[in-house]
Amino acid sequence: MKKKYFGTDGIRGLVGQAPITPDFVLKLGWACGRVFSRTFEGKGRCSVIIGKDTRVSGYMFESALEAGLVAAGVDVKLLGPMPTPAVALMTRTQNADAGIVISASHNPYYDNGIKFFSAAGSKLPDETELAIEAELEETLVCVPSHEIGKVQRVVDAAGRYIEFCKSTVPEGFSLRGLRIAVDCAHGATYHIAPSVLSELGAEVVPIGITPDGFNINEGVGSTDMEALATTVRERDCDLGIAYDGDGDRVLFLDDQGGTVDGDQLIFVIAMHRLREGSSDAGVVGTLMSNLGLETALKAEGLRFVRARVGDRYVRELMEQQGWHLGGESSGHIICSDVTTTGDGIVSSLQVLLALRASGSSLRELLDQMPMFPQTMINVAMPAGARLEELPAVAAAVDEAEAQLGNDGRVLLRPSGTEPVVRVMVEGREAATVESICRSLADAVGEALANA
């Protein structure tokens, strides 16, 4: 069955427009409570953890979710502003039946969303999301007063998560001697990440740590790293670390302010594990992962497979392959032998662990992984259009692939959030890649216009 509300990562949209409205979120909380209560029937009262990022609308939706859940007879524990992976962790360690995050990740403050974790700290299965959507069609009925859920606030959540993050590196691991610029995007890591790094011995130069409800991801964070690059250069830092608004993504800067993306970070972690003898047979990326990552890993004897774009698909393929490392170029990295979901802080510690063990700089480690130039152009795509049914598109792709030969690749990917198709070309020569991508995008646009 096709889902009406759930996307690849919960439900997301513009605040005040359906479905991201207080009345819908209240009903969503009730529907979740009903489904979770049925799932765990006979095991006592159901409990749910709620965390959020720093958006001003988070307070409104927290109250709405809380009301819906307790009306369904579910107990609620409130974490306040906490990174998304911290909610996954606390769901497990508090023995809750589910976790809910109020966040729109790297989006601006005027967007928001609701994401879910199972009792195991992983994404909800499709059948649970479909059951919640079915319950949303029912009439909201409050349980009797003696069955209404209770609410409590977890006052030491930040401290617990800080200790967990530090526990993911070996005892005695130290960052002493490193000056690290840290950008928390005015988001959910603002009171967490600087403490983790400084308690491990680093000299931390923090930015993006004064959220006001409206400035999340605005000119800061992993989606806009110029302020961090300036800080790295002006403060003579050894490197920079940027998280996104909800803390499940991370990107780095080298000591010159050069960007190091998720593909490169995955390579650094993979090479460390290979040297330490703890590597799996391969790594999972996505359709958008740079060809340079695949080439470099294969040169070291590691396999590389591509999942659909989206961390849930990366995790699913990791489980199928039996591997523990995967992620996306956006910086969403999953180390499943360390934690259950993508975690920006934990991933950054895995990179720092590799750096310290190697004795090299970040840029020196990346000399082994040349990045292939990529060009991507968005082409307007009418509703209902199907690229696979257009012979002109197939012919244009064949021509582009013939020009690239074995040293490149072509990808056409309809966006899941915009009415566009993303035309991506990758190869060894930047000028050639750009030229081929523009020609292909023009051909795709013309085919769609004539369809």
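What share of the 451 residues of the protein chain count as buried?

**Figure 1. The protein chain as a whole.** In this predicted model, where residues are numbered from 1 along each chain as its sequence is written, local features need pLDDT of at least 70 and side-chain atom pairs count only at pLDDT 80 or more, while totals for chains, interfaces and linings use all residues. Side-chain values use heavy atoms, with hydrogens and water left out. Of the 451 residues, 56% count as buried, where buried means under 20% relative accessible area, exposed over 50% and partly exposed in between, with a 1.4 Å probe and protein chains only. The secondary structure comes to 14 helices and 18 strands; helices (H or I, at least four residues) and strands (E, at least two) are DSSP runs, numbered from the N terminus.

**Figure 2. One face of helix H7.** Helix H7 spans residues 226-234, and its buried residues are Leu228, Ala229, Thr231 and Val232. Seen down the axis of H7, these buried residues fall within an arc of 160 degrees, so they line one face of the helix; the arc is that of the directions from the helix axis to the C-beta atoms. They pack against strands S7 (179-183), S8 (203-207), S9 (239-243) and S10 (250-253). Just after H7, Asp236 takes a positive phi of about 55 degrees.

**Figure 3. The surroundings of Phe252.** Phe252 is found in strand S10 and, at 0% relative accessibility, counts as buried. Leaving aside neighbours within four places in sequence, Phe252 is in contact with residues including Met225, Leu239, Ile241, Val260 and Leu362, where contact means heavy atoms within 4.5 Å.

**Figure 4. A nonpolar patch on the surface.** Leu14, Val56, Tyr109, Tyr110 and Phe214 form this patch, with about 430 Å² of accessible area together; the areas come from the Shrake-Rupley method with a 1.4 Å probe, and for residues only the protein chains shown count as cover. Patches are made of residues with over 30% relative accessible area and no salt bridge, with like charges joined within 9 Å and nonpolar side chains (Val, Leu, Ile, Met, Phe, Trp, Tyr) within 5 Å. A salt bridge is a side-chain nitrogen of Lys or Arg within 4 Å of a carboxyl oxygen of Asp or Glu. Tyr110 lies in the loop between strand S4 (98-102) and strand S5 (111-118), and at 43% relative accessibility Tyr110 counts as partly exposed.
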